[in-house]
Amino acid sequence: MSEFFGSPHALLILVLAGFLPNEVWRMAGLWFGAGVDEGSEVLVWVRAVATAILAGVIAQILLQPPGALAGVPDGLRYGAVAAGFALFMLARRSIFAGVVGGEIVLVAGKWWLG
Amino acid sequence: MSSVASTVLTLVLFATYLGIGALAHDSHFSLGWVLGSTLLVWAGPAQIILISTLGSGATAVQAAIAVTVSAIRLFPMVVSVLPLMKTPQTKRRHLVVATHFIAVTLWVECYRLLPKVPRERRIAFTHGLGCGLLTVCMVATTLGYGLAANLPPVFAAAILLLTPLAFLLSTARNCRQISDILALVLGIALFPLVSQLHTGVDILISGVTAGTIAYGVHWWRQRARA
């Protein structure tokens, strides 16, 4: 069981750095939500910052890739994502087409390069 | 037709959590840990941010700040969807579990499905929908973790690539205003520059800067129009 969950310290960090900072906004919405205008300017800024943080994380995974993804040449990683995005736009914003296309480029490219 | 739409959303969710499971494996977290994060955090972006910041050596405080900023968007979602579930007899504690389930997929599905459900049964319906989606995601997390551990490197890499691809495309699809598009593009463009500084809070600096510039452009355009 201890192997399944890992160290108690890691679980504590999960609760303190993952669960609580995330859940607090849901509960805030439940408790204080009545008087907030959904289209207010503050929320436009919040959404822009949240989007940009997520965009940064996407860039981080591609730039400093974890584990097996690090075994793929830089150019191929960027190329696969660019191809996926191009297909997504061509297929009238179909996420499915973009994801499948990007994956095929990655696997085919890796196979081609050996 | 409605079942097809939900299949596509569930498929994207499945792919996302396959990626999260694989990412957790290759960032050296335990399977129990990542399943716990799916159950407790229940928000894809926050989980990716948590795993990749902790995995790249950030402190718990730095990770917590990045997670909480990404989670602020849950606030307006909760605020806008809860009135759909309330009846005059509903007490706040009846809504706690339903509130925990609210994340982008459930939020979209609530708008689509709740109007077809009698009002007094909507909380129970949301619990059922939330448990169903959670089960799908727990299976996907476990599968992604196992695949990353056992597949040949090229396919393990392909599963890891699901995360950036699925998030990039679903974020791009959700862009409504000029500020959203700019935030996405600037956020990707700024990170490589900021990461040269090795501050430990690169993600926060690039995110807040890019998001604020994007908001500034939105504000300036609105003023120019007025």
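Start by selecting B:Gly132, which sits in helix H8 (residues 122–150) of chain B; helices here are DSSP runs of H or I with at least four residues, numbered from the N terminus. This is a predicted model, where local features need pLDDT of at least 70, side-chain atom pairs count only at pLDDT 80 or more, and totals for chains, interfaces and linings use all residues. Residues are numbered from 1 along each chain as its sequence is written, while chains are lettered from A and ligands numbered from 1 in the order in which they are written.

Is B:Gly132 buried or exposed? B:Gly132 counts as exposed because it has 12 C-beta neighbours inside 10 Å. The cut-offs: buried is 20 or more other C-beta atoms within 10 Å of a residue's own, exposed is 12 or fewer, partly exposed is in between, with C-beta atoms placed from the backbone.

Next, pick helix H7 (residues 104–113) of chain B, where B:Thr105, B:Leu106 and B:Cys110 are buried. They cover an arc of only 130° around the axis, so they lie on the same side of H7(B); the arc is that of the directions from the helix axis to the C-beta atoms.

Jump to chain A and select helix H2 (residues 8–32): its 25 residues reach 34 Å from first C-alpha to last, close to the 36 Å expected at 1.5 Å a residue (1.5 Å times one less than the number of residues). Look for a kink of about 40° at A:Phe19, shortly before the proline A:Pro21; the bend is the angle between axes fitted to the seven residues ending there and the seven starting there. Buried residues in H2(A) include A:Phe19, A:Pro21, A:Trp25 and A:Arg26. What covers the buried residues of this helix includes helix H3 (44–55) and helix H4 (60–71) of chain B.

Now show the whole contact between the chains: 89 residues from chain B and 67 residues from chain A, with contact meaning C-beta atoms, placed from the backbone, within 7 Å. On the chain B side, helix H9 (residues 153–174) gives the largest share, 19 residues.

Last stop: colour chain B by domain, with domain 1 (2–161) and domain 2 (175–226), bounds that come from an automatic or database domain assignment. Their centres, taken over C-alpha atoms, are 25 Å apart.

Conventions
Contact = placed C-beta atoms within 7 Å. Helix = DSSP H or I, 4+ residues; strand = E, 2+ residues; numbered from the N terminus.
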